[in-house]
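Hi,

Here is the structure I promised to pass on. Have a look at it first, then read my notes below.

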Amino acid sequence: MKVLVVEDEPRLTLQLERTLQAAGYAVDTAHDGERGHLLGETEDYDAVVLDLGLPRLDGVTVLRQWRAAGRSMPVLVLTARDGWSEKVAGLDAGADDYLTKPFNTEELLARLRALIRRAAGQAEPEVRVGDVTLDTRAATVTRAGEPVSLTAHEYRVLAYLMLHKGKVVSRTELTEHVYAQDFDRDSNTIEVFVGRLRRKLGAGVIETVRGLGYRVPEA
């Protein structure tokens, strides 16, 4: 799963980047509205953390332009302002949720998880396929109740497929949601991660749809 953080305070940006990476996300960052707007229009994200008070282009404008261009990724707005009108403006511009600074990082992670689940049509924090359970709260996976050790990339591949179970996902789409923007991407490595996951979880968890990609079955 890949998240974009658009925040102009360097210390907070670094804190959010490290927190999100520790939670299993691939993270891109932007320090002004223009860069954030460009990344949001050209990259695929599972969620965006967007500050409203940005230089060059304010967050509300960035969000309005994304929505006008048909970009539908969930957006969590951050604001240091106490006034209700700024929060309303962010929500009216297309935000899905908001947090007022200062905030607790655990709350931010919980809100992001909820936004990503809802966007994928999953209401519950645990996603099950057969005897495999993905716990989005703890970023853990179990098989028949036993914990399964996964690398960060393996977890991202499995999480994306399980949150979109029943859907055929191409290698290109997986690559875009597994790696950060500045990472040396190689869609061929997706095959490696899928092979490892099958060895750890069983061959039937991830199906290959010839010529199209991969699919996790509904049940």
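A charge counts as sitting over a ring if NZ of Lys or CZ of Arg is within 6 Å of the ring centre and within 35 degrees of the ring normal. Here, the charged end of Lys2 does that with the ring of Tyr45, 5.0 Å from its centre.

Before you go further: this is a predicted model, where local features need pLDDT of at least 70 and side-chain atom pairs count only at pLDDT 80 or more, while totals for chains, interfaces and linings use all residues. Residues are numbered from 1 along each chain as its sequence is written, and side-chain values use heavy atoms, leaving out hydrogens and water.

Now the sheet. Its five strands form an open sheet in the order E2-E1-E3-E4-E5, with parallel pairing (strands, E, are DSSP runs of at least two residues, and helices, H or I, of at least four, numbered from the N terminus; two strands pair if DSSP finds at least two bridges between them). Strand E2 (26-30) and strand E5 (97-100) are at the edges with a single partner strand each, so one side of each has no neighbour in the sheet.

In the parallel pair of E1 (residues 2-6) and E3 (residues 47-51), four bridges join the strands. Leu4 stands opposite Val48 in E3.

And Ser72, buried or exposed? Ser72 is exposed, because its relative accessible area is 66% (exposed means over 50%, buried under 20%, partly exposed in between, with a 1.4 Å probe and protein chains only). You'll find Ser72 in the loop between helix H3 (59-68) and strand E4 (75-79).

Cheers
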